Amino acid sequence: MSREIRLNAFDMNCVGHQSPGLWAHPRDRSWQYKDLEYWTDLAKILEKGKFDGLFIADVLGIYDVYNGNGEAAIRQAAQVPVNDPLQLIPPMALVTEHLGFGLTASLSFEHPYPFARRLSTLDHLTKGRAGWNIVTSYLESGAKNIGQQAQTEHDARYDYAEEYLEVCYKLWEGSWEDGAILRDRERRIFSDPSKIHEIRHVGKHFQVPGIHLCEPSPQRTPVLYQAGASSRGKQFAAEQAECVFVAAPSKVLLKKTVADIRRRAAEAGRDPSKILIFNLQTVILGETDAKAKAKFEEYKSWVSYEGAMALISGWTGIDFSRFKPDEPLKHVHTNAIQSAVEAFSTADPNKVWTPHELADWVGIGGFGPLFVGSPETVADLLQEWVEETDVDGFNLAYALTHESFIDAVELLVPELQKRGVYKTEYAPGTLREKLFGAGPRLPESHPGSAWRNLGGQRQTAAQRASA
C-alpha cells in the first residue's frame, strides 16, 4: 500500500515570500499580508484541504548581500517589509479546529526565559496546535542590528542552540510536575508549590535560576521543527527535531538527505521512522497539463530577476552582482545557508549553473522543485518522490496566494484522496497527536524528555524507563 502523503503550506508574514515579483500579479493577495483577513482566509482554505499545518517562515534582517546593499530587496519586496509571525497564529486558530501552526522563531535574538513563556502561551491559545521551527538566523544584517559585530560562525550557532533548547526543556518539561495545578476552590489553592521547581540552570551562555512562569500547556513542548540541511544542521535535526524541512531540488539529493537524517537519528537513539521529513515543493495545477503549463508561462512573465538575485545572494552569502547573468558559477564556501550552496553543486554534478539559470529556478517557489500539470500528473510525481526518496511529505510554497493553495485544495487533494494516499479526516488531539498518533508529550526517546519532573535535574535513560 502506498504511503500517506503529508502537506504543509509555506508562507511568511511578508510580500512575495519565495516568488519574487509575483506580488504585482493582479490575482495575488500577498500584498495584503498585514491584514488579518488574509491569514484567517488562508487558514480556512488549508483546513478544508486537510493540510497538517501552516509553516510560517521568518527572517530578522534584510537581504543586503546583492550589490552590497538592500536596495534590490527593498525595491522588489524580497521578504521586506516583513512582520512578526507569532501574532498571526491566535486569530487563525480561532477560525479553525485542527490546522497546526509551525512558527519560525530564531533563538539567536531572544533569551530563552521569555521565549519559553511566549511559546507556552501560544500552545495554550491554540489548544495544543503549536509548533516551533528552530532557526539560528543567517543574515548579517539581523546580527548587526542587535549589536553583534558579525554573524556567529555557522557551526557555533548550533552549539549555542543546544544550550538554548536545554533551558527550554527544563522550563517546559521539568519545572511544573503533572498535578501541580489543583484549582481547588474550597481550599483556595490554585497550584501546589511542592510540585513546582526552580530549574537552576547555569551554563556557558545562560543562567536561569527560577521557575517557568506558565502552567503546563497541552503539549508542554511544542512540536519541534528544524530546517537546517547542512551537515551540522542535519545532526542537530536528527537529535532534536520531530519534523524536518529540507529543500532538495532533485530526487537524488533528497534521497541522500533523507537517508542521512534518518541514519543520524538512529545513531542518536531515536526511532528514525518517527521523524517526519518534508521537502520544499511548488505545484502549479490546472484541469489539464496544457492549462497548467499555460498558467506557469503566465506566472513566469511576472518573475523579478533582481528580486531573485537579492534572495539567492542572501541565502548563499554570495554577491551575485559580481557575475554576469550568463557566467558559469562554481562552488563557494559561505557562512550563510551552506545547504543552499551545496544543493546546486551536488544535485547535478555535470550541470554548470549561471546566475540567470538560478534566478529562473528560484523565481517561482524558491530552491525546491517545481511540478506543473494536471492533478493526475502532479499526484504521480508526488507519489514517485515519496516512494523513491523516503520523504514523508511536502512543504508547499506558492506562486500566487491564495490561488496556489486553493488549486492544491480543490484539484490536488481530491486526487490524492481518491488514490488513498491522503487523509480524509483529521486525527483527534493536539498537533503532536495528529502527526504521530501517540500522546501529546515528547516521546521518551526524545532528549527533551530527560528533564521531566526533576526540577532541572537530568534523568538518565534508566530513570525514564522506570518512571
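Is tyrosine 158 buried or exposed? Tyrosine 158 is buried, at 5% relative accessibility (buried means under 20% relative accessible area, exposed over 50%, partly exposed in between, with a 1.4 Å probe and protein chains only). Please keep in mind that this is a predicted model, where local features need pLDDT of at least 70, side-chain atom pairs count only at pLDDT 80 or more, and totals for chains, interfaces and linings use all residues. Residues are numbered from 1 along each chain as its sequence is written, and side-chain values use heavy atoms, with hydrogens and water left out.

**Annotated positions**
- An unreviewed UniProt entry lists Asp58, Thr104, His154, Tyr158 and Ser230 under "binding site"; such annotations may be inferred rather than shown by experiment.
- Tyrosine 158 sits in helix H6, residues 154-174 (helices are DSSP runs of H or I with at least four residues, strands are runs of E with at least two, numbered from the N terminus).

**Threonine 104**
- Strand S3 (residues 100-106) holds threonine 104, which is buried with a relative accessible area of 4%.
- Among the residues that threonine 104 touches are Phe55, Asp58 and Asn133 (contact means heavy atoms within 4.5 Å).
- A polar atom of the threonine 104 side chain lies 2.7 Å from the backbone oxygen of isoleucine 56.

**Helix H9**
- On helix H9 (residues 289-300), Ala292, Lys295, Phe296 and Tyr299 are buried.
- These residues lie on the same side of H9, because they cover an arc of only 100° around the axis (taken from the directions from the helix axis to the C-beta atoms).
- Their packing partners are strand S11 (276-285), strand S12 (370-373) and helix H14 (403-418).
- Exposed Ala290 and Lys293 are on the face of H9 turned away from its buried side.

How values were computed: The expected span of a helix is 1.5 Å times one less than its number of residues. A polar contact is a pair of N or O atoms within 3.5 Å; within protein, one must be able to donate a hydrogen and the other to accept it, and residues adjacent in sequence count only if both atoms are side-chain atoms. Lists of a residue's contacts leave out its neighbours within four places in sequence.
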